[in-house]
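Dear colleague,

Please find below the structure I wished to pass on to you, followed by a short account of what was found in it. I would be grateful if you could read the account alongside the coordinates.

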Amino acid sequence: MISKKMSDRINLQINREMYSAYLYLAMAARMGEAGYKGVANWLTIQYHEEMFHAMKMYGYLQDQGASVALDAIARPDFKETGVKEIFQHTLEHEKGVTASIREIAALAREEKDYATENFIAWYVDEQVEEEKNATEILQTIDLLGNNAQGIFMLNIELGKRKLGVPSDFTGLAGH
Ligand code: OFO
């Protein structure tokens, strides 16, 4: 069993992960409309990854006999239309998510909640990956040259990204 404070905090994180999913889906739509199908593919896969992050927490709360409390998801907030700017937004967004995950890790340690400490360690590692992915894409943009030809090549590259999470994951308790 976990504390009410912890389950509230994980429920908040579910909302933040779903917001991430919503943000990337909205960005994917914008990029797809602009003809950047590869960038849209990358962002759509990112949407699925974020839903996986949310559902993994949903499953954890259920496994712990805690209540899942879903809240309203905010409207995706981004104005960028350029590919480089979209990934700058992505990196900044992920830095914020990292800070949020660290709060859960710190709370788990404070409460001597070893189960949640173990559970959240996966997300701590995942955030290293999330920031690395966005950073590397930004580096690639700079290396290729932030121009039409460079973005065209990046678009092809990002079109190759495949789903990295189990497609049959439901998040249901006992999964
Ligand atoms: Fe869930 O890691 Fe991105 O936001």
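**The largest pocket**

His48, Met51, Phe52, Met55, Leu163, Val165, Pro166, Ser167 and Phe169 form the lining of the largest pocket. Please note that this is a predicted model. By class, 7 of the lining residues are nonpolar and 2 are polar, with no charged residues. The space in this pocket comes to about 160 Å³.

**The nonpolar cores**

The largest nonpolar core comprises 22 residues, and Leu43, Val83, Phe87 and Ile141 have the most contacts inside it. At least two residues of this core come from each of the helices H1 (4–33), H2 (37–63), H3 (83–110), H4 (114–144) and H5 (148–158). The most is given by H1, with 6 residues.

Setting aside residues up to four places away in sequence, Phe87 touches Val39, Trp42, Ala134, Ile137, Leu138, Ile141 and Leu158.

**Helix H2**

The length of H2 agrees with expectation, because its 27 residues, at 1.5 Å a residue, should span 39 Å and its end C-alpha atoms are 39 Å apart. After H2 comes Gly65, which has a positive phi, near 70 degrees.

With kind regards

How values were computed:
Residues numbered from 1 in each chain as written. Predicted model: local features only at pLDDT ≥ 70, side-chain atom pairs only at ≥ 80, totals over all residues. Heavy atoms only, no water. Core = buried A, V, L, I, M, F, W, Y, C linked by side-chain atoms within 4.5 Å. Buried < 20%, exposed > 50% of the residue type's maximum accessible area, 1.4 Å probe, protein only. Helix = DSSP H or I, 4+ residues; strand = E, 2+ residues; numbered from the N terminus. Contact = heavy atoms within 4.5 Å. 1 Å grid on protein atoms, 1.4 Å probe; cavity = no way out; pocket = protein on both sides within 12 Å on 5 of 7 lines; lining within 4 Å. Points joined across faces, edges and corners; volume = space filled by probe spheres on them. Nonpolar A, V, L, I, M, F, W, Y, C, P; charged D, E, K, R; others polar. Expected span 1.5 Å × (residues − 1).
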